[in-house]
Amino acid sequence: MTALPIDLVLSRLDSFKLRETGRDRWRACCPAHGGKNPSALSIGVGDSGAVVLRCWQGCTVNQVADALGLDITDLFPP
């Protein structure tokens, strides 16, 4: 069985003060800008199963994915 994209992302965010905030919703420190705010990065699962990332400090999705050692395609289901 193939792991879901969200499982891969969450496993990479473990050391960034990751916490669940609701169903299919999490918050963490942003790995792209190295901030200490545990609410700077919003993580969610979209309707298609893709991972939705939003840094409230302005980092792009590409910057966040790169900081996690992921390619942007890793955020989408196969």
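Biologist: Which residues does Val-51 touch, leaving aside those up to four places away in sequence?

Modeller: In this predicted model, Val-51 touches Pro-5, Ile-6, Val-9, Ile-43, Gly-44 and Leu-75. Val-51 itself sits in strand E4, residues 51–55.

Biologist: Why is Val-51 called buried?

Modeller: Happy to show you! Its relative accessibility is 7%, and buried means under 20%, so Val-51 counts as buried.

Biologist: And why does Val-61 count as partly exposed?

Modeller: Val-61 has 33% relative accessibility. Val-61 belongs to helix H2, residues 61–67, and together with Ile-72 and Phe-76 makes a nonpolar surface patch of about 230 Å².

Biologist: Good, now the strands. What makes E3 largely enclosed by the rest of the structure?

Modeller: Five of the five residues of E3, residues 41–45, are buried, so the strand is largely enclosed. Both faces are covered: Leu-41, Ile-43 and Val-45 are buried on one side, Ser-42 and Gly-44 on the other.

Biologist: How do you know that E3 pairs with E4?

Modeller: Two strands pair if there are at least two bridges between them. E3 and E4 have five, in the antiparallel sense, so they meet that condition. One example is Gly-44, whose bridge partner in E4 is Val-52.

Biologist: What joins E2 to E3?

Modeller: Four bridges, with the strands running antiparallel; Arg-27 stands opposite Ser-42 there.

Biologist: Which residue in the turn of the E3 and E4 hairpin has a positive phi?

Modeller: That is Gly-49, at about 95 degrees, and five residues lie between the two strands.

Methods:
Residues are numbered from 1 along each chain as its sequence is written. This is a predicted model: local features need pLDDT of at least 70, side-chain atom pairs count only at pLDDT 80 or more; totals for chains, interfaces and linings use all residues. Side-chain values use heavy atoms; hydrogens and water are left out. Buried means under 20% relative accessible area, exposed over 50%, partly exposed in between (1.4 Å probe, protein chains only). Contact means heavy atoms within 4.5 Å. Patches are made of residues with over 30% relative accessible area and no salt bridge: like charges are joined within 9 Å, nonpolar side chains (Val, Leu, Ile, Met, Phe, Trp, Tyr) within 5 Å. Accessible areas come from the Shrake-Rupley method with a 1.4 Å probe; for residues, only the protein chains shown count as cover. A salt bridge is a side-chain nitrogen of Lys or Arg within 4 Å of a carboxyl oxygen of Asp or Glu.
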